[in-house]
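User: Can you take a look at this one with me? I'd like to go through the metal sites and then the confidence.

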Amino acid sequence: MIQLLSSNKSLTTICIEIRKIRKMEYKHFSHDHHLNLYQSQPGQNLLCHGCQTPISDSSSIYACWTCKFFLHDHCGNANRFIKHPSHPAHPLILIPTPTYCSGAFICNACGSLGKSFSYSCPTCEIDLHLNCAFLPPKITHNSHPHDLVISPNLPKKKDGMVYVCKVCDKRMGDKNWNYCCVGCDFRLHTFCATNEVKPGLYVDDEDPDSVSVNRDDEQVIELTEEEVIQLYKIQILTQMMSNANINANV
Ligand SMILES: [Zn+2]
Ligand SMILES: [Zn+2]
Ligand SMILES: [Zn+2]
Ligand SMILES: [Zn+2]
Ligand SMILES: [Zn+2]
Ligand SMILES: [Zn+2]
C-alpha cells in the first residue's frame, strides 16, 4: 500500500482504480458470501435485510442472489459503531442479529420489534433500529406549522392525561422517542412523523461515503487529492481485510 501511495500515479489513475475497486465484490461482516453492487429493477419487491424495509425501484443495493440477501447501499455502508446523542455514555455497535434469546429486540426509539440490524449498547441494553438511529434531530411535518424536534422521552402531564399522537390518534408510550413542538405541546410518534422522511446515511466526518463520489463512469469525480488518497487507503484496507477473512475461512 505504501508503495502504491508513494508512486507517481496521477490523480486520474487513482480515480480509475477507485472505480475498479468499487465495482468489485464487496464483503459485509453480516453475510458469509461476497455481495455485488446492483441496481434494483421495477417490480422486484426486494426487502433490505439491514433495516427490514422494502427497497424502492432503481436504488443501489448490495446483493447475494444465492441467499436472496439484499442491503440498501446506505445500510451496507452504515458505520460499525456510532456515537449517538441519545446515549453519550457508550458507543452504539452495529449488531447484525439480536443477541437476545428471543431473537428480537424492542427498539428504544419507536418501541416496535426488530429482528435484524440494530445499533446496540449491550451493557445498557439499548437497541435501535438502523433507521431509528439515523432519525433527523429536527423535521417539519405538514400536520403542524412549527419545526418538530426529537425528544427521547415524554414528560408527565399534570392532569394525568396521556399523550395521543396527532397523526394516528393512538396513545404514546412514555419510554419511546417522539417528535415535539414544546411550545404547543404537540407530539407525534417517530414513525408517524417520518414515514415520508427517507432515511439517510449517517453523516460522520470519518465516513468515506459522506464524500460525494460519482459512480457513473461517464462523469467526472470531484475530490481533492487528499480525499482521494484517504479514500484509496480505506478501500485498500477494506479489500485486504476481506481477503484476510477469505483466507481465514478456507
Ligand atoms: Zn436498508
Ligand atoms: Zn449469500
Ligand atoms: Zn425503531
Ligand atoms: Zn451504554
Ligand atoms: Zn402516531
Ligand atoms: Zn408548535
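**Metal sites and confidence**

Analyst: Cys-124 counts as partly exposed because its relative accessibility is 33%. Keep in mind that the model is predicted.

User: What does Cys-124 coordinate along with His-87, His-90 and Cys-121?

Analyst: The zinc ion (ligand 4), with these donors at 2.0 to 2.3 Å. The spacing of the donors along the chain is H-x2-H-x30-C-x2-C. Cys-124, in the loop between strand S9 (118-121) and strand S10 (126-129), pairs with His-90, in the loop between strand S5 (81-82) and strand S6 (92-95), and this links parts of the chain 34 residues apart.

User: Is His-90 buried or partly exposed?

Analyst: Partly exposed, because His-90 has 31% relative accessibility.

User: What geometry does the site of the zinc ion (ligand 4) have?

Analyst: Tetrahedral, with angles of 103 to 113 degrees among the four donor atoms.

User: Now ligand 2. Which residues are the protein donors of that zinc ion?

Analyst: His-31 (NE2), His-33 (ND1), Cys-64 (SG) and Cys-67 (SG), 2.1 to 2.3 Å from the zinc ion (ligand 2). That site is tetrahedral too, with angles of 97 to 113 degrees. His-31 is in the loop between strand S1 (26-27) and strand S2 (34-39) and Cys-64 is in strand S3 (residues 60-64), so the pair ties together parts 33 residues apart in sequence.

User: Are His-31 and Cys-64 buried or exposed?

Analyst: Both His-31 and Cys-64 are buried.

User: Where is confidence lowest and highest?

Analyst: Helix H1 (residues 2-6) is lowest with a mean pLDDT of 47, and strand S4 (residues 69-72) is highest at 96. The chain averages 78. Over residues 198-224 pLDDT stays under 50. Where pLDDT is low, the predicted coordinates should not be read in detail.

Technical notes:
Residues are numbered from 1 along each chain as its sequence is written. Chains are lettered from A and ligands numbered from 1 in the order in which they are written. This is a predicted model: local features need pLDDT of at least 70, side-chain atom pairs count only at pLDDT 80 or more; totals for chains, interfaces and linings use all residues. Side-chain values use heavy atoms; hydrogens and water are left out. pLDDT is the predictor's confidence in each residue, from 0 to 100. Helices (H or I, at least four residues) and strands (E, at least two) are DSSP runs, numbered from the N terminus. Contact means heavy atoms within 4.5 Å. Donors are N, O and S atoms within 2.8 Å of the metal (3.2 Å for Na, K and Ca); water is not among the atoms, so sites may look incomplete. Four donors count as tetrahedral if all angles lie between 85 and 135 degrees; four count as square planar and six as octahedral if opposite donors are over 155 degrees apart and all others between 65 and 115; anything else is irregular. Buried means under 20% relative accessible area, exposed over 50%, partly exposed in between (1.4 Å probe, protein chains only).
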